Amino acid sequence: MPTQQVIVVESPKAPFVLATREIPSPEKGEVLIKTMAVALNPANWIQREYNILVDKYPVVLGNDVAGTVEALGEGVEGLKKGDRVFGRAVKGGFGQYTAVPVAGFLVPIPENASFDEVATIPMAFTSACIGLFAAAPIGLGLNTTFSCNIPPQDGSALVIGAATSVGQFAIQLLKSLGFSRIVTYASGVHSEYLRQLGATECIDRGEVPLESLAAALRAPVKVIYHTIDLAALNTAYDCVTEGGSIVTCQPTAPFDQDGERKKLLFVRVAPNPATIEQFKKSQELMVKNVSEMLKRGIITGNRYEVLPGGVSGILGGLEKLQKGDVRGVKLVAHPHDTSA
Ligand SMILES: NC(=O)c1ccc[n+]([C@@H]2O[C@H](COP(=O)([O-])OP(=O)(O)OC[C@H]3O[C@@H](n4cnc5c(N)ncnc54)[C@H](OP(=O)(O)O)[C@@H]3O)[C@@H](O)[C@H]2O)c1
């Protein structure tokens, strides 16, 4: 059997290590992707560190891949060897090849986009898009058809932790909805970039502490997307108008405020057994529309930095992520790069 290089976790909480594994054959309904770019997410080191959402070991983690179709599993139609695709690698993306179900997140790459750009999209974009577009209780219901052609809706929003990968997509999606006021809360170094994405006002979190955020905002906003800093979710309450809405992509951030008093819609965009079916249906609609969003320039991928060293470069990238040394960019590895 032909082999490939992968990054593996051998047992619960064991370190990430470089290993050689067989290249899998795609099963029914899957395509085998030759991975040209794989992006790193905080969830990858969190899964290893806390042994969560792993069914069995050894395990290859990694979710966000872009590459070319290498082989088709039984029953797959509409794709051929060599097609450029990106998507969510449910069987582990930290390697040179991975099999992805076509019924999941698997999308042709538009001509105007590169492997690196689209590899930054699947996980973080899903959290931003479902959180804003899908109906409650998983989203704020701002575009439940996920269509690119809905009439613009005026609105005001604050993105807390706007320099995160999720935050960068939330800004672009709020702009796509027609929001005329999009305020970001992030380190000042990112302001220019966040304005390019659609921010209309940038509050520097280095200058304005959380306690002063509501005052710095001057007028409260209708919508808040909270991405990071658990304490900031409670601050969001002071920044939102009565009858407004708050979404967080943090499954466990405490929200101790009286939402009913302010008639708020508050949602967490984290699927659980009660919402998993709705999440899957929303994801289907999102996946149908994401190529069009890219083609039309409604969204672009995150800013990214390419890790040197092929598959082994993922190891250093995961370490940097865990240390909190990655700011305002997505780390992307090139698994077939053998130059280092
Ligand atoms: N990626 C996903 O698909 C996903 C999905 C669901 C949930 N999440 C969770 O959502 C959070 C963001 O994930 P991500 O992948 O988007 O993160 P990321 O891109 O790795 O975020 C990096 C950014 O986090 C910002 N940051 C760190 N501490 C902060 C704080 N106290 N206040 C404001 N900003 C802070 C930094 O901003 P500055 O440069 O401004 O300091 C840095 O630029 C993580 O907790 C992750 O576990 C992620």
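## Packing of α1 and α9

In this predicted model, helix α1 (residues 42–50) packs against helix α9 (residues 313–323) at an angle of about 85°, and the two axes are 9 Å apart. Because angles of 65 to 115 degrees count as roughly perpendicular, α1 and α9 are classed as roughly perpendicular to each other. On the α1 side the contact is made by Pro42, Asn44 and Trp45, and on the α9 side by Leu318, Leu321 and Gln322.

## Helix α3 and its two partners

The axes of α3 and helix α8 (residues 276–295) come within 10 Å and cross at roughly 105°. These two helices are therefore roughly perpendicular to each other. Thr126, Cys129 and Ile130 of α3 make this contact with Phe279, Ser282, Gln283 and Met286 of α8.

With α4, the axis of α3 comes within 8 Å and crosses at roughly 45°. That angle makes α3 oblique to α4. The crossing by which α3 passes α4 is right-handed. From α3, the residues Ala124, Phe125, Ser127, Ala128, Cys129 and Leu132 meet Ser165, Val166, Phe169, Ala170, Leu173 and Leu174 of α4. Cys129 of α3 takes part in the contact with α8 and also in the contact with α4.

## Helix α4 and its surroundings

Helix α4 covers residues 165–177, and its 13 residues should span 18 Å at 1.5 Å a residue; the end C-alpha atoms are 19 Å apart, which agrees with that expectation. After α4 comes Gly178, which has a positive phi, near 105°.

The helix is mostly covered, with eleven of its 13 residues buried. The buried residues are Ser165, Val166, Gly167, Gln168, Phe169, Ala170, Ile171, Gln172, Leu173, Leu174 and Ser176.

Leu213 is found in helix α6 (residues 213–217). It counts as buried because 20 C-beta neighbours lie inside 10 Å. Leaving aside neighbours within four places in sequence, Leu213 is in contact with Tyr185, Ile203, Val208, Thr235 and Cys239. Of these residues, Tyr185 is 28 residues away along the chain, and its C-alpha atom is separated from that of Leu213 by 8.4 Å.

Leu230 lies in the loop between β11 and α7 (232–239). With 13 other C-beta atoms within 10 Å, Leu230 is partly exposed. When residues up to four places away in sequence are not counted, Leu230 touches Gln250, Ala253 and Pro254. Gln250 is 20 residues from Leu230 along the chain, and the C-alpha atoms of the pair are separated by 7.7 Å.

## Annotated domain

An unreviewed UniProt entry lists residues 7–333 as "domain: Enoyl reductase (ER)". Over residues 7–333 the chain is 28% helix and 26% strand. The end C-alpha atoms of this stretch are 12 Å apart.

Notes: Residues numbered from 1 in each chain as written. Predicted model: local features only at pLDDT ≥ 70, side-chain atom pairs only at ≥ 80, totals over all residues. Helix = DSSP H or I, 4+ residues; strand = E, 2+ residues; numbered from the N terminus. Expected span 1.5 Å × (residues − 1). Buried ≥ 20, exposed ≤ 12 C-beta atoms within 10 Å, placed from the backbone. UniProt positions renumbered as here; feature names shortened; annotations may be inferred. Axes fitted to C-alpha atoms, helices over the stretch in contact; angles between N-to-C directions. Parallel < 35°, antiparallel > 145°, perpendicular 65-115°, else oblique. Left-handed = near helix turned anticlockwise from the far one by under 90°. Contact = placed C-beta atoms within 7 Å.
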